[in-house]
Amino acid sequence: MSHDTNDPYQSAHRRYLASKDGIELHAGCKVLPERSNPRPLMAKPLPPILRTLPNGVRLLALPMPHVHSTSVGVFLRVGSRDETPASNGISHVLEHMAFKGTTTRSVQAINLDAERLGADVNAYTGKDSTGYFMTGLGQHAEQLLRMTADIVLNSTFPEAELQRELEVIRQEAIEYDEDPEDSSNDLLDRALWGDDPMGMPVIGKVDNIEGFTRDDLVRHVQQHYVASKTVVAAAGNFDIEAWMQLAEDLFAAMPVSADNSGAQPPTPAAHVGQAVARRFTQVSQVFLNIAYPLAPPEQEVPSPQRWRLAAALAANLFGGGMSSPLVDTVRERLGLAYTADATLDSGDAWLNFLVHAVTTPDKIEALVRATGELLQAQATTIDPIHLERAKNQLTVARVRASERPFATMERAVEDLFAHGTVTPLTETIALIDDIRSEEVRSIFTQMLTQPPALSITGKGVSAKSARQLAATLAASPPPAS
């Protein structure tokens, strides 16, 4: 899953004061006015290289000759969406167990082999994908690929390791369940998708986790770790041809799916639009999540990529930064919350506009009402200054991500799973610049035709109060001009 918003490294507390000669920071620093002939935004990056092996595995190389490091990953189009209530959590357990031993290496060797090279090793499980990846020096790209491939293709899931790791994951699941903010996120999935697998928690249910066996993991691998669902990727400064050849050698024999399921586009889950709550007595605040599902309009759109970027701009415009309408209103003007933002949560077959805030029980109704009014206002008109801000924030976020090998690789794989192709950065920036205010306004207009999904956790909340808040949100008129 990904989140498009303004650059996360930018301080949320920085303020700017207008001055005669430019922009003056509180600390006294000055930023000179923009020059009349600014330099080009960036040098044109090298294009991505994409090859598909006869069995369906896709190899993706993203050259970044200006860096010294390289990220290498194997990504599979399988996640909690592919589970049942009885198997919920198995994708996440498998991700953990992949590092516990292969046919030729123990868990200790797996850890040491990577760390001897100074490489970072990690993995993730999401609703629609699972990824295994390493980041190190470009000169070690082929070694990183061999090690990552070994984890994905040759894991043995030793029984003794499984029992220990299931207890670790059980503790992780309990920790998530007892955290009101994490719980609110999981509740939001249920509010969005109900009993569909998309509504189940990625980490899984504790009862399931405790009962998984080695045979369960093997069956899951045989069904889902198949060629048509696999992308092998690298981004950074490395020998592309040598890396591509090695990737082909390692993955040419990866099994194909018996039913060719990985080659079929996923079917989006139906939106339910519930309001749910869970009370936590040990906290004093309320954690609020609101989600509106987005789908391309029935009429022809220029491209799915452009439509998704318009949605990202809508989220940035609404709640991406201290000057955004959401934050400026609920925090700066009304004092209703310290934390408030809007982001875009997306996957290969879904897109959700999210609003997140944390407040106290006495302010939650006013916060929701103000949020609803502000959303209605964006559906009426888009402020050109805020659209300019959102475009620049999204552009800067994409440019900064493109300067980091892992972020570049992750974004490209997400593109590949969602669209079947990788959009070069220069094209993405051109699309962002070309999007019109009417396209962004239509995002708000479309999403407000559907009932929101809403989750609240924390002090004093109830299912009844959640439904009342959702009704308040749906009934909110635009603010008076």
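Trainee: Is Ala173 buried or exposed?

Mentor: First, this is a predicted model, where local features need pLDDT of at least 70, side-chain atom pairs count only at pLDDT 80 or more, and totals for chains, interfaces and linings use all residues. Residues are numbered from 1 along each chain as its sequence is written, and side-chain values use heavy atoms, leaving out hydrogens and water. Buried means under 20% relative accessible area, exposed over 50% and partly exposed in between, with a 1.4 Å probe and protein chains only. Ala173 has 5% relative accessibility, so Ala173 counts as buried.

Trainee: Which residues does Ala173 touch, not counting those up to four places away in sequence?

Mentor: Touching here is contact, meaning heavy atoms within 4.5 Å. With those sequence neighbours left out, Ala173 touches Ile203, Val206 and Ile209.

Trainee: How many Å separate the C-alpha atoms of Ala173 and Pro201?

Mentor: Along the chain, these two are 28 residues apart.

Trainee: Which residues have the most contacts inside the largest nonpolar core?

Mentor: A nonpolar core is a set of buried Ala, Val, Leu, Ile, Met, Phe, Trp, Tyr and Cys residues joined through side-chain atoms within 4.5 Å. The largest one here has 50 residues. Those with the most contacts inside it are Leu288, Leu294, Phe318, Phe353, Phe444 and Leu454.

Trainee: And how many residues does the second, separate core have?

Mentor: That one includes Ala98, Ile151, Leu217 and Leu246. Its total is 49 residues.
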